[in-house]
Amino acid sequence: MIAVVASNNKNKIVEIKTFLKDVFEDVKSLKDMDINIDIEETGTTFFENALIKAKTISQITNMPAIADDSGLCVDILDGAPGVYSARFAGEPCNDYNNNQKLLKILEEKHAITKEERAAHFTSCIVLYYPDGKYFVGQGSVDGTILFKYQGNGGFGYDPLFYCYELNKTFAEITLDEKNTVSHRARALLDLLKKL
């Protein structure tokens with residue numbers, strides 16, 4: 001059976017394929033399926049957004065669809081940027097603008113200790129079948145927001161997110177290391193347990 005990932009984010013697709021290679025004979029991206037759609041994420045939670053995306057793609061393709069909604073949640077900001085992580089700084093949406101806005105807000109809040117800059121990445125993954133049945137996996141990883149970029153890898157907030165378990169930022173680790181602790185990896189493992 002083939003499944004479709006409701007995303008064009010290459011990094012997410014690689015991560016998801018790695019975990020689901022034993023469940024599906026192939027995992028395709030939207031681009032592989034020649035689907036060009038911008039699904040409006042109207043949910044207020046990671047679960048709601050993941051469900052909207054997975055259900056939409058499953059209905060279009062009549063195939064199982066996997067969608068992830070994830071983001072960075074900073075304690076002192078009441079969980080922001082949260083579900084708005086990708087669009088935190090508004091248009092144009094890009095990692096640099098999002099990271100700069102986050103640093104500026106934390107500076108304005110005078111957040112200087114690692115406790116005041118405490119954050120976690122969280123992920124919710126939904127696997128939705130054409131018959132309406134679905135499974136949900138959730139995961140998170142704790143850390144703190146640094147004052148400046150550290151590392152050249154990763155994407156999004158990775159250069160600012162210092163992971164306590166690895167004593168490095170997500171931009172300083174290999175994909176194998178990331179797959180041991182990342183929020184998405186943990187959500188995928190949670191999903192696999194339920195399948």
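Is asparagine 98 buried or exposed?

Tutor: Asparagine 98 is buried, with a relative accessible area of 3%. Buried means under 20% relative accessible area, exposed means over 50%, and partly exposed lies in between, with a 1.4 Å probe and protein chains only. Before we go on, a word about the model: it is predicted, so local features need pLDDT of at least 70 and side-chain atom pairs count only at pLDDT 80 or more, while totals for chains, interfaces and linings use all residues. Residues are numbered from 1 along each chain as its sequence is written, and side-chain values use heavy atoms, with hydrogens and water left out.

Asparagine 98 sits in helix α3, residues 95-108. Helices (H or I, at least four residues) and strands (E, at least two) are DSSP runs, numbered from the N terminus. Setting aside neighbours within four places in sequence, asparagine 98 is in contact with Ser85, Ala86, Arg87, Phe88, Ala89 and Tyr157; contact means heavy atoms within 4.5 Å. For contrast, look at threonine 113 in the loop between α3 and β4. Threonine 113 is partly exposed, at 33% relative accessible area.

Now for the sheet. Its seven strands form an open sheet in the order β2-β1-β3-β4-β5-β6-β7, with mixed pairing. At the edges stand β2 (26-28) and β7 (168-169), each with a single partner strand, so one side of each has no neighbour in the sheet. Two strands pair if DSSP finds at least two bridges between them. On one side of β3, β1 and β3 pair in the parallel sense over two bridges, and valine 4 has alanine 65 as its bridge partner in β3. Alanine 65 also has a bridge partner in β4, tyrosine 128. Strands β3 and β4 run antiparallel and are joined by 10 bridges, and glycine 71 has threonine 122 as its bridge partner in β4. Helix α5 (residues 183-194) packs on the sheet, touching β3, β4 and β5 (134-145).

How enclosed is β3? 10 of its 10 residues are buried, so β3 is largely enclosed by the rest of the structure. Ala65, Ala67, Asp69, Gly71 and Cys73 point one way from the strand, and Ile66, Asp68, Ser70, Leu72 and Val74 point the other way.

In α2, the buried residues are Phe46, Asn49, Ala50, Lys53, Ala54, Ile57, Ser58 and Thr61. They cover an arc of only 155° around the axis, which puts them on the same side of α2; the arc is that of the directions from the helix axis to the C-beta atoms. An α-helix has 3.6 residues a turn, so residues three or four places apart point the same way. These buried residues of α2 pack against β1 (2-5), β3 (65-74) and β4 (118-128). Just after α2, asparagine 62 takes a positive phi of about 60°.

Let's finish with helix α5. Helix α1 (residues 10-20) also meets α5: Lys12, Glu15, Ile16, Phe19 and Leu20 in α1 meet Arg184, Ala185, Leu188, Leu189 and Leu192 in α5. The axes of α1 and α5 come within 10 Å and cross at roughly 35°. Axes here are lines fitted to C-alpha atoms, for helices over the stretch in contact, and angles run from 0 to 180 degrees between N-to-C directions.
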